[in-house]
Amino acid sequence: MARWPKGDGNTIILPPHHDCKIGEDEIVASFHTHPNTGSDFLQEPSETDKRAVRDDLDLKGDNYVGEFVISQDAIYLIAPNGETRELTDTDTYFEE
Ligand SMILES: [Zn+2]
């Protein structure tokens, strides 16, 4: 598992990932967090988040499930086509 460079604020910087691979490793999922820094902080994946996944032609590998967004309240998955769904409550997930 490779850790990506920390983004600058809300931006995520991916290393080169041509054909959905980093080096020899196939990318099967990616994630970033939405820390809760206030009640009006966006928890759901933003339009920018969705677009970034959907429009990244190198994130279309056969085994790539999408980008997980881990917020304070819930975990979301952005599919490669940009569709987003809420998977589970973050509390529930980390208690298991
Ligand atoms: Zn985001």
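**Group meeting: fold and zinc site of a predicted model**

Of the 96 residues in this protein, 29% count as buried. Please keep in mind throughout that this is a predicted model. The protein exposes about 6800 Å², and carbon and sulfur atoms supply 49% of that area.

Let me begin with the overall architecture. There are 2 helices and 6 strands. Read from the N terminus, the elements run β-β-β-α-β-β-β-α. Among contacts with a separation of 6 or more, 47% are made by residues 24 or more positions apart.

I turn now to the sheet. Four strands make up an open sheet with mixed pairing, in the order β3-β4-β5-β6. At its edges stand β3 and β6, residues 84-89; each has a single partner strand, so one side of each lacks a neighbour in the sheet. From one strand to the next, the twist averages 25°. Strand β5, residues 74-78, runs antiparallel to β6 and is joined to it by 5 bridges. Within that part of the sheet, Tyr76 stands opposite Glu86 of β6. Helix α1 packs on the sheet, where it touches β3, β4, β5 and β6. The direction of α1 makes about 40° with that of β5.

Next, the metal site. Which residues supply the protein donors of the zinc ion? They are His32 and His34, each through NE2, and Asp49, which is listed with two OD donors. These atoms lie 2.1 to 2.6 Å from the zinc ion. Along the chain, the donors follow the spacing H-x1-H-x14-D. As for geometry, the angles among the 4 donor atoms span 55 to 156°, and the site is irregular. For four tetrahedral donors, the ideal angle at a metal is 109.5 degrees. Both His32 and His34 are buried.

Two further residues deserve a comment. Pro35 is located in the loop between β3, residues 30-34, and α1, residues 47-54. Pro35 is partly exposed, its relative accessible area being 45%. In sequence, Pro35 and Ser71 are 36 residues apart, yet their C-alpha atoms are 5.8 Å apart in space.

The other residue is His17, in the segment before β1, residues 21-22. Is His17 buried or exposed? His17 is buried, because its relative accessible area of 11% falls under the 20% cut-off. Leaving aside residues up to four places away in sequence, His17 touches Ile22, Ile27, Asp56, Asp58 and Leu59.

Definitions and conventions. Residues numbered from 1 in each chain as written. Predicted model: local features only at pLDDT ≥ 70, side-chain atom pairs only at ≥ 80, totals over all residues. Heavy atoms only, no water. Donors = N, O, S within 2.8 Å, 3.2 Å for Na, K, Ca; no water. Tetrahedral: all angles 85-135°; square planar, octahedral: opposite > 155°, others 65-115°. Buried < 20%, exposed > 50% of the residue type's maximum accessible area, 1.4 Å probe, protein only. Contact = heavy atoms within 4.5 Å. Areas by Shrake-Rupley, 256 points an atom, 1.4 Å probe, with all protein chains shown as cover. Pairing = 2+ DSSP bridges. Axes fitted to C-alpha atoms, helices over the stretch in contact; angles between N-to-C directions.
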